[in-house]
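Hello,

Here is the structure I promised to pass on. Please have a look at it first, and then read my notes on how its parts meet.

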Amino acid sequence: MSETSIQALVAHLPANPDTVPVMNPANGKKIYDLPQMSVAQVESAIAAARVAQRDWAKTPVAERSKLLVELHALLLEDETKLLDLLQLETGKSRAHAFEETAGAIASASYYARIAPKYLSRRKTKPGVPVLTRTYVDQVPVGVVGIITPWNYPLALTMLDVLPALIAGNAVIQKADNQTALTVLFARHLAIEAGIPAELWTVVVGDGETVGNAITDNVDYVAFTGSTATGRKVAERAARRLIGCSLELGGKNPLIVLEGANIKRAAEIAIAGAFGSAGQLCVSIERVYVPNRIKDEFLAEIAKRTESLTVGRSNDFSMDIGSLTGYNQLQRMMGFIDDAVSTGATVVAGGKQLTETGPYFYSPTVITNVNQNARMYRQEVFGPVVDVEGYEDLDDAIKMANDTDYGLNASVVGPEREAIKVAEKLNAGSVNINEGFRATFASMETPMGGFKSSGQGRRNGPGGLLRFTEAKAIGVARGAIKLPSRAKDYNRMAPLMRMMLKRLK
Ligand code: NAD
């Protein structure tokens with residue numbers, strides 16, 4: 001992206017003297033300086049959004065939907081620019097950027113399609129038929145705060161911002177400093193599609209400062225990020241009694257069944273583990289294989305992992321891109337060193353690829369990670385997968401569930417048996433013969449975590465309705481009045497008993 005185009009996007013932010021340099025992870029060079037916003041600026045953006053939201057809420061849902069149809073077309077038209085920006089800011093490979101962009105584009109048409117159905121007034125069954133009638137309206141909460149991490153800036157923007165907007169809200173979105181350009185470009189396309197600019201404001205700055213200013217002033221907060229930060233957001237939101245959805249971390253297991261094809265299982269495991277260089281909440285981090293085939297599986301997955309192409313390219317020639325910066329690389333190498341020093345063995349990869357770029361790391365397979373290693377329980381969020389053996393299936397299920405997280409899981413093997421195992425896994429999604437994409441790519445399928453992996457769900461109708469309040473409207477009607485005095489029950493009680501019996 002040219003210097004002029006970058007400056008045009010940044011011009012949407014206040015020109016503050018306080019800036020942070022944003023680096024291209026693939027080559028370590030500075031892209032631009034990003035101004036940082038103050039609490040007062042965030043608060044005034046929220047106040048302006050509140051004013052704009054009043055008119056927007058009155059716009060018929062069908063009209064709002066048309067704008068998302070237009071946005072869908074613009075996203076398709078500008079797919080190449082979106083891919084370039086995603087790669088520039090995250091360092092991920094073209095193929096992984098493409099998967100992300102596809103999800104973002106699909107979300108626009110999905111919400112355009114379902115919004116009229118789920119947001120229109122609906123009749124409910126009244127408690128006292130004939131005498132009363134009841135309806136439910138789904139009204140917007142007001143101003144929604146959306147806090148987005150750097151790893152999937154486009155998809156996570158669209159999956160949260162679009163349902164919030166179409167439900168009649170205004171949005172204040174905190175982009176991560178590393179990936180603000182992608183978010184600003186997505187907003188630019190939304191404005192081109194006809195969405196009023198004041199309804200979607202992007203703010204940037206220190207995570208805690210800006211994040212707190214958002215949670216303290218909006219009517220709902222949708223947070224995506226680490227479990228540690230998610231807890232802080234939830235505590236702050238609880239104090240104000242505002243709703244929040246939390247999409248947090250994972251330590252996602254994959255179980256290979258006895259009857260699985262070993263080659264296929266190894267291929268599914270690497271696709272599940274190394275997407276966006278493993279910096280994906282639903283990535284596979286642990287693989288459990290029957291002891292009987294462990295060596296054969298390890299040889300297969302090691303061979304396939306070593307054959308992955310790692311590097312920079314704006315086409316589909318590279319399987320894996322860069323990690324998204326110094327901190328990510330250091331964190332991941334720390335996990336590997338710690339595991340090796342406590343008895344684990346690296347069977348593939350395990351090398352920093354400095355000649356390729358400052359933060360490239362070879363996809364890595366590790367085994368014999370024991371309970372003393374930090375990565376045994378903690379989320380690594382990098383291109384490393386741990387392969388361990390199991391003696392019987394119950395043990396594998398127990399090990400898979402032995403985590404505070406519960407975001408995603410996977411089972412590889414004969415479908416029927418795999419589905420039975422899936423029923424026993426404690427995770428918000430379970431993918432059969434696939435790492436994460438079967439559920440992740442489905443807009444209709446709720447996405448979210450059990451246990452410390454979060455609260456609430458994005459995608460599906462629930463992903464839209466979380467940004468609304470259900471407002472019940474009841475009407476008493478007809479010549480016969482509802483009782484107001486005790487003696488009225490002489491007449492009403494027999495009628496009501498009859499109705500209650502019919503509910504049996
Ligand atoms: P993070 O929690 O450090 O930051 C996430 C976002 O929160 C950033 O925009 C950050 O600036 C902001 N933030 C930081 N402190 C804050 C505070 N006190 N209040 C409010 N906001 C604050 O997470 P990260 O390291 O950037 O992202 C990686 C994590 O996100 C991983 O754990 C990953 O699993 C998780 N994640 C989850 C999902 C999901 O859908 N479940 C998707 C992507 C990433």
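Between domain 1 and domain 2 the count is one salt bridge (a side-chain nitrogen of Lys or Arg within 4 Å of a carboxyl oxygen of Asp or Glu). The partners are Arg437 and Glu99, whose closest N and O atoms are 3.1 Å apart.

A word on the basis: this is a predicted model, where local features need pLDDT of at least 70 and side-chain atom pairs count only at pLDDT 80 or more, while totals for chains, interfaces and linings use all residues. Residues are numbered from 1 along each chain as its sequence is written, and side-chain values use heavy atoms, with hydrogens and water left out.

The domain assignment, an automatic or database one, gives domain 1 as 3-248 + 458-468 and domain 2 as 252-446. Their C-alpha centres lie 30 Å apart.

How many residues are in contact across the boundary? With contact meaning heavy atoms within 4.5 Å, 32 residues of domain 1 touch 36 residues of domain 2. The area buried between the two domains (accessible area, 1.4 Å probe, lost on being put together, summed over both) is about 2,400 Å², and carbon and sulfur atoms give 58% of that area.

On the domain 1 side, helix 4 (79-90), helix 5 (94-119) and helix 16 (460-465) each supply at least two residues; helices here are DSSP runs (H or I, at least four residues), numbered from the N terminus. Helix 5 gives the most, with 10 residues.

Best wishes
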